[in-house]
Amino acid sequence: MLLCGPSGSGKSLVAARSGLPVLRLDDFYKEADDPTLPLVQGSSDIDWDHPESWDAEVAVEAIARLCATRSTPVPVYDISRSARTGEDTLHIGRTPLFIAEGIFAAEIVERCRERGLLADALCLSRGPFTTFRRRFLRDLREGRKSVPFLLRRGWRLMRTERSIVARQVSLGAHPCDRDEALGRLAAAAAGRQTPQRTVA
């Protein structure tokens, strides 16, 4: 199951409440010294909300490895430092289903589908103002970036949230709120959408 949505839309909460194993796709961000990182237009800020700030190929390989072997190495990423600080191993046990969640999950819908790895793709949305408040309070609490950076990013994302959701839906994710997402996840976990193999 791929779970996407704007930053602050509640993906991590929904994934945790589902009771399914979770692969955090945000751990596949590139590091701050990567020369391929995109910048916000007209600014010196790194655009961490652009898909090119994220390593899609490595993320897809981790999903494929989980499907094939039920475990995979994953980077440990420190958002406040914009750096990978180590490596861990994710084990999903005997479950036939797991969630891969992150703001760029929709970018790999087609690749996962082509490789037979996809059970479903969901896009969460709570509305620009609610998402802005949740995102800012979370990022401030976790010390992810400086306050000026968080405010600039938050304002930009609030203004573009509807287009972000529209893009993710166009890439193959089903738009839904928290309750519908939890219902679809529960149905899949209960076998009412039984996958043919271990899938993301």
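**Charged residues and their partners**

Guide: With a relative accessible area of 45%, Glu 142 is partly exposed. Please keep in mind that this is a predicted model.

Visitor: With which residue does Glu 142 form a salt bridge, and how far apart are the closest N and O atoms?

Guide: The general idea is that side chains of opposite charge can pair when their charged atoms come close. Here the partner of Glu 142 is Arg 144, and the closest N and O atoms are 2.7 Å apart. Arg 144 is buried, at a relative accessible area of 17%, because the cut-off for buried is under 20%.

Visitor: How are Glu 180 and Arg 184 placed in helix 6?

Guide: They are 4 residues apart in that helix, which spans residues 178–189, and are therefore separated by about one helical turn.

Visitor: Which residue forms a salt bridge with Asp 179?

Guide: That residue is Arg 178, with 3.7 Å between the closest N and O atoms. Asp 179 counts as exposed, at 54% relative accessibility, whereas Arg 178 counts as partly exposed, at 32%.

**Aromatic rings**

Visitor: How many aromatic pairs does the structure hold?

Guide: There are 5 aromatic pairs. One of them joins Tyr 29 and Trp 48: the ring centres are 5.6 Å apart and the planes stand at 90°, so the pair is edge-to-face. Both residues lie in the loop between strand 2 (22–24) and helix 2 (56–69), so the pair ties together parts 19 residues apart in sequence. Tyr 29 and Trp 48 are both buried.

The rings of Trp 54 and Phe 104 also have their centres 5.6 Å apart, but their planes meet at 40°, so this pair is tilted. Trp 54 is in the loop between strand 2 and helix 2, while Phe 104 is in the loop between strand 5 (99–101) and helix 3 (109–114); the pair thus links distant parts of the chain, 50 residues apart. Trp 54 is buried at 4% relative accessible area, and Phe 104 is buried at 5%.

**Cysteines and a buried alanine**

Visitor: How many disulfides does a search of the whole structure find?

Guide: The search finds 0. A disulfide needs two cysteine sulfur atoms within 2.5 Å. For Cys 67, the closest cysteine sulfur is that of Cys 112, at 7.7 Å, which is too far for a bond. For Cys 123, the closest is in Cys 4, at 4.2 Å, again too far. Cys 67 is buried at 8% relative accessibility, and Cys 123 is buried at 0%.

Visitor: Where is Ala 15 found, and with which residues is Ala 15 in contact, leaving aside its neighbours within four places in sequence?

Guide: Ala 15 belongs to helix 1 (residues 11–18) and is buried, with 1% relative accessible area. Beyond those neighbours, its contacts are Leu 3, Leu 20, Val 22, Ile 99 and Glu 101. Ala 15 and Phe 98, 83 residues apart in sequence, have a C-alpha to C-alpha distance of 9.3 Å.

Methods: Residues are numbered from 1 along each chain as its sequence is written. This is a predicted model: local features need pLDDT of at least 70, side-chain atom pairs count only at pLDDT 80 or more; totals for chains, interfaces and linings use all residues. Side-chain values use heavy atoms; hydrogens and water are left out. Buried means under 20% relative accessible area, exposed over 50%, partly exposed in between (1.4 Å probe, protein chains only). Helices (H or I, at least four residues) and strands (E, at least two) are DSSP runs, numbered from the N terminus. Contact means heavy atoms within 4.5 Å. A salt bridge is a side-chain nitrogen of Lys or Arg within 4 Å of a carboxyl oxygen of Asp or Glu. Rings of Phe, Tyr and Trp (its six-membered ring) pair if their centres lie within 6.5 Å; planes under 30 degrees apart count as stacked, over 60 as edge-to-face and the rest as tilted.
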